[in-house]
Structure formats: structure tokens, C-alpha cells
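Subject: Structure handover

Hello,

Here is the structure I promised to pass on. Please look through it first; my notes follow below.

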Amino acid sequence: AQQGARVIDLEGMAKHFGSAFGNLERHPQPTTEQFANDLACALMRLDAEGDGPIWLENESRQIGKVYLPEMFFKRLREAPVLEIERTEDDRIDHLLAMYGEAPTAALRAAFLRIRDKLGGQHAQAAVAHVEAGDLAEAARTVRHRWFERWMNDPQRLQPGTSMPQFFLDVSAEERAVKIAQ
């Protein structure tokens, strides 16, 4: 947006970071109806400004307690995708900027909310890092485990995801080795 591109920040409109951590109860979210109205207004404003692509981050149908309008979500899933790769350190820095000032109790509760998706021991390890004040290591613990589980079976973590399943042509053992690399 700073360079003149037409951008809609769906997470910003929903007042939710879009991750399993949400906004850690910092902001009340709009209703789904209000979100849909705000989105329609944003789209009309951009349409009036001219032609060209509208850039959006790929989101699931639900952002916190807000649902994307069905037809908008369908079009989002059909749209071309540009994948942006970031280094692990950049991702950790980004997570620390978003959540680094959050209260320990809120972070602990957030990790425990995603316990089933991470696995109990990984969630407990992340909580231990949070309680020790090592938020970077907590983020690394979760990122690595989440990535492994996502690559193995993205549909299990987010049903209906448009992300392809990888390594379907190899055994589970070979897939585990490739993902760990």
C-alpha cells in the first residue's frame, strides 16, 4: 500500500492477527455483518480508484470470530497466489513484534488453546519457554512443530485449505525425513 498498490488488510479490518493467537483479547472484533459492510466499502473505494490487482493475504474463512462473506471467500480461493518466502529469523522477529509485549498468562492460554494441533509435549515446552521469558524459543518450538504437522496433513489442521499436500508419492517415513530437512 505504501508503494501505491491496492491492498486490503483483512486481519486489520477483523481486528485479529489471524493466527491461533488472535489478538490476545486486546480488541473487540466487529460482527460478521459489520466486517462484510466494511469490506464492501473498501472494495468499492478501490474500484473507484482504478484498475489493477487488489492484494490480500490468504486467509481462512474465519478470522477470529468474524467470517468472510461466502462469495468473497470463494473468489479468494480461486484467485492467483503469490508466495512470499521469509527466513526463519525474520518470522521469529515478526512474531516477537506482534506478541512480545503480551502478558505471560495470555500467551500461556494461547499455546494451550492450540495444544491439540501441536501435540501436548510441544505445547508444554512452548509454555515453559514463555514462563522462562524466552519468547523466541517458544515461537521456534511452535513454528517447527506446526510446520511438520502442516506439511504432513494440511487438511487436518485447516479443513478446506487450498494448500496442496506435499510428498504424496513417498512413504510416511520418507515424507518425515524430507520435512525434517
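pLDDT is the predictor's confidence in each residue, on a scale from 0 to 100. You need it here, as this is a predicted model. The protein averages a pLDDT of 80. A score of at least 70 is reached by 76% of the residues. Among the elements, helix H2 (residues 32–49) has the highest mean pLDDT, 94. The lowest, 57, belongs to helix H9 (residues 154–157).

Now the packing. The largest nonpolar core holds 16 residues. Phe21, Leu24, Tyr99, Leu107, Phe111, Ile114 and Val142 touch the most other members. Four helices each supply at least two residues of this core: H4 (88–99), H5 (104–113), H7 (120–131) and H8 (135–152). H7 gives the largest share, 4 residues.

What does Phe111 touch, leaving aside residues up to four places away in sequence? Its contacts are Phe21, Ala123, Ala126, Val127, Val130, Ala138 and Val142. There is also a second, separate core of 14 residues. Met13, Ala42, Phe73 and Leu76 are among them.

Last, helix H4. H4 has 12 residues, so at 1.5 Å a residue it should span 16 Å. Its end C-alpha atoms are 16 Å apart, which agrees. Ile92, Met98 and Tyr99 are buried in H4. These three lie on the same side of H4, because they cover an arc of only 125 degrees around the axis.

Best wishes

Technical notes
Residues numbered from 1 in each chain as written. Predicted model: local features only at pLDDT ≥ 70, side-chain atom pairs only at ≥ 80, totals over all residues. Heavy atoms only, no water. Core = buried A, V, L, I, M, F, W, Y, C linked by side-chain atoms within 4.5 Å. Buried < 20%, exposed > 50% of the residue type's maximum accessible area, 1.4 Å probe, protein only. Contact = heavy atoms within 4.5 Å. Expected span 1.5 Å × (residues − 1). Arc of directions from axis to C-beta.
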